[in-house]
Structures are given as structure tokens and as C-alpha cells.
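This briefing is meant for a reader meeting the structure for the first time. Please look over the sequence and the model before going through the points below.

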Amino acid sequence: MYFTTKEYKSFAPFGQMPVLHVKKDDGSEAWLAQSGAIVRYLSKKLGLSGATEEEESMVDMVFEGSKDIMGRKAAVHEGLESTLPDVLTLRMHLEKSEGLLGSKQYFVGDRLTYADVGMFHALYTLQEVGDKYLDRAGYKSLSAFVTRMASLPSLSAYLSSERYLRA
Ligand SMILES: N[C@@H](CCC(=O)N[C@@H](CS)C(=O)NCC(=O)O)C(=O)O
């Protein structure tokens, strides 16, 4: 389905993409919209939401943080010494995220969650559009995290497939 056809307008709950076609337990079907709602729905089904209620809320927090990073991706085109507000905010988010991850393998708990998926999405984008921005700006843990995640078999296959649209 392509944006240009606008065919999603008739069934998308808010008239926008993305949407997920959901088959409910009672056999009925529905369209689920809003990227965050889709991520949370799929993560619950796949066991990627965190092991405890506390972990779940931390996963949610990190995922929201990844959206803040993604929202400032354009700032990577400014020089590293720039003091533009968007650059400073992006750097603050990256600094804090570097601290949250530290030397751990995953952002929350001891297994993969959607916090890692969201962070990977945002950080991989910075590396791609910002000429290895994380390395240039000295975020070693985040850079290693991106490399580690990108080498997971399923992600590696996706990133080298035609389905992956470069940022
Ligand atoms: N809050 C929504 C935003 C959705 C959104 O902005 N969708 C855009 C594409 S990224 C869209 O469908 N634009 C085309 C249109 O409005 O027809 C979400 O997170 O899913």
C-alpha cells in the first residue's frame, strides 16, 4: 500500500498510517492506528514489554525517550560545537541515554524489549543520516549498542532487505 493512493483514508481510524490489521479472539477484525499503540500491542503479544510492572514502565519511558531523540534527528546536520537549542536538547537526550544504558546489553532488564527496538530505530537513524554521529560525538555505549543490535540475525536480514527504506 502506498501513500500516494490514499486508499487507507477509508479505513484508518485517524485517516493516517501506520495501521495494523488485527484479528481479535472472537474472530472479528479491526484496524489499530497510532504507532505507539501498535508497538505496545505487538510487544505484549511477543513478550517484549518487560518482565515486571516496574520494568514495563521503564521500557515505556525509554521508548518515549527514543521518540524524543528521533524528533531531533535533523540536529545531526549541525556542527558538533553548535549551541542551537535542538542540538543541545539532542545532546542532552543522548548523554542521558548513554548513562541509562551504561555497560549493559539492554536498556531495561536482561532481555530484549521494545525500549531497545525504539532506541535502535532512533540511534541507527542518527548514525545513517549523521555520518556516524554517535561516534563523531563520542557516545561509545550507544554506538556499540547500535552495532550489536544491527547484527542480530532478524534485524540484519531486515536491514539488508528491500523492505528496509533508508532514512
Ligand atoms: N500519531 C501518529 C502520526 C501518524 C502520521 O503522522 N502519519 C503520517 C505519516 S508518518 C501520514 O499518514 N501522513 C499521510 C496522511 O495524513 O494522509 C502515529 O504515531 O502513528
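Of the protein's 167 residues, 24% count as buried, a residue being buried if 20 or more other C-beta atoms, placed from the backbone, lie within 10 Å of its own. This is a predicted model, in which local features need pLDDT of at least 70 and side-chain atom pairs count only at pLDDT 80 or more, while totals for chains, interfaces and linings use all residues. Residues are numbered from 1 along each chain as its sequence is written.

**Overall layout**
- The protein has seven helices and two strands, where helices (H or I, at least four residues) and strands (E, at least two) are DSSP runs numbered from the N terminus.
- Along the sequence, these elements follow the pattern β-β-α-α-α-α-α-α-α.
- Taken along the principal axes, the C-alpha atoms fill a box of roughly 55 × 40 × 30 Å.

**Helix α1**
- Helix α1 (residues 35-46) has 12 residues and reaches 16 Å from its first C-alpha to its last, close to the 16 Å expected at 1.5 Å a residue, a span taken as 1.5 Å times one less than the number of residues.

**Helices α4 and α6**
- The axes of α4 (residues 114-129) and α6 (residues 140-150), which are lines fitted to C-alpha atoms over the stretch in contact, come within 9 Å and cross at roughly 110°.
- The two helices α4 and α6 are therefore roughly perpendicular to each other, the term covering angles of 65 to 115 degrees.

Technical notes. Buried ≥ 20, exposed ≤ 12 C-beta atoms within 10 Å, placed from the backbone. Axes fitted to C-alpha atoms, helices over the stretch in contact; angles between N-to-C directions. Parallel < 35°, antiparallel > 145°, perpendicular 65-115°, else oblique.
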